[in-house]
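Subject: Structure handover

Hello,

Here is the structure I promised to pass on. Please open it alongside this note.

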Amino acid sequence: MRLVMAEVFNSWQGEGGSVEGSTFGRRQIFVRFAGCDLNCVWCDSREYIDASRVSRWRYEVEPFTGKFEYRPNPAELDDVVDAILRLDTGDLHSISYTGGEPTLQIKPLTALMEEMRSLGFDNFLETHGGLPELIKEVADLTDYASVDIKDETAKATEDWRALVLREVESIRILKEAGAKVYAKLVVTSETKIENVRWYAELLKGLAPLVIQPREPIEISQARLMEFYREASLIMGRKNVGLSFQVHKYLNVL
Ligand SMILES: C[S@@+](CC[C@H](N)C(=O)[O-])C[C@H]1O[C@@H](n2cnc3c(N)ncnc32)[C@H](O)[C@@H]1O
Ligand SMILES: Nc1nc2[nH]cc(C(=O)O)c2c(=O)[nH]1
Ligand code: SF4
Ligand SMILES: [Mg+2]
């Protein structure tokens, strides 16, 4: 089976903060799929959005060396499994499937999640959650999931409100399948407080929320904490947390 890959590397999870279901600070192997159907203005993986332009993929040869080997796309699934197992440092919390959007290549994603689970690994799905019908196909294979809520200011797609509703549906599907799920909202200085209230109402009683400033950070602390407070008043003070892309500050992948 073939798939269009971006990269495979070993690092620790830099996002998710401390809410229930977060894998922040845990050692993972990141399997980044190429291709995305959205176009968030602040996407830090932009070079992988158009899969037709990702002619080769890379895998780290030794953790934290930044040394990679390159292979042409499409990748053979077995080669991706080999790259993951070669990077197994014996202390892995889980395997992170990210991208681009991993659910767009649902067949190879499913096969990979099945294979890694059969080898005794937990599966962490990092998804924009905009494709609930595809989420259904991997929900039973998902142990942990981070599902984005794409704020209006992400400009991810035309009908952003419909996207948010699909993301909430994906969270529900994953929860019902037994996964530990949290929602991640990337905010900017332009994010509207009334939208934060709307997201919080949708998530109340469903899943905890992390609020993650868009990097590079341009939102004020005051504004960030205003969003935090509004969400907490609606969702409950134990169900909201902050998340920062900590790996970027420590210059690790
Ligand atoms: C690159 S995306 C890939 C997974 C999936 N397509 C998604 O958007 O959730 C992984 C995570 O990085 C976050 N992210 C990407 N660029 C960011 C930025 N500039 N600032 C903050 N978070 C960012 C996304 O919101 C998402 O939670
Ligand atoms: N260390 C580290 N943590 C991450 N959390 C989410 C990431 C992503 O790009 O999916 C990511 C990433 O790229 N690196
Ligand atoms: S959905 Fe994820 S990969 Fe796609 S553009 Fe947005 S942040 Fe980037
Ligand atoms: Mg990243």
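Is the crossing in which α5 passes α6 left-handed or right-handed? The crossing of α5 past α6 is right-handed. A crossing counts as right-handed if the near helix is turned clockwise from the far one by less than a right angle, and left-handed if anticlockwise.

Some ground rules before the rest. This is a predicted model, in which local features need pLDDT of at least 70 and side-chain atom pairs count only at pLDDT 80 or more, while totals for chains, interfaces and linings use all residues. Residues are numbered from 1 along each chain as its sequence is written, chains are lettered from A and ligands numbered from 1 in the order in which they are written, and side-chain values use heavy atoms, with hydrogens and water left out.

**The helix pair**

Helix α5 covers residues 193–203, and helix α6 covers residues 221–235. Helices are DSSP runs of H or I with at least four residues, strands are runs of E with at least two, and both are numbered from the N terminus. The two axes are 9 Å apart, at an angle of about 35°. Axes are lines fitted to C-alpha atoms over the stretch in contact, and angles run from 0 to 180 degrees between N-to-C directions.

From α5, the contact takes in I193, V196, R197, A200, E201 and L203. From α6 come R223, E226, F227, E230, A231, I234 and M235. Contact means heavy atoms within 4.5 Å. Eight of these residues are nonpolar, five are charged and none is polar. (Ala, Val, Leu, Ile, Met, Phe, Trp, Tyr, Cys and Pro count as nonpolar; Asp, Glu, Lys and Arg as charged; the others, Gly among them, as polar.)

**Ligand 1**

Ligand 1 is surrounded by 21 residues, with a heavy atom within 4 Å as the cut-off. The closest are W42, G100, D148, K150 and E215. Polar contacts are pairs of N or O atoms within 3.5 Å. A polar backbone atom of G100 is 2.9 Å from a ligand nitrogen. A polar side-chain atom of E101 is 3.3 Å from a ligand nitrogen. For E126, a polar side-chain atom lies 3.5 Å from a ligand oxygen. On its own, ligand 1 has 540 Å² of accessible area (Shrake-Rupley, 1.4 Å probe), and the protein covers 95% of it.

**Ligand 2**

Residues around ligand 2 include F9, W12, F30, H247 and L253. E126 is also among them. A backbone N or O atom of G14 is 3.0 Å from a ligand nitrogen. Taken alone, ligand 2 exposes 320 Å², and the protein buries 92% of that.

**Backbone points to check**

- G99 to G100 is a cis peptide bond, with omega near 25°. G100 sits in the loop between β7 (94–99) and α2 (106–118).
- N73 and P74 are joined by a cis peptide bond, with omega about 0°.

Best wishes

Definitions and conventions:
Polar contact = N/O pair within 3.5 Å; in protein donor to acceptor, adjacent residues only side chain to side chain.
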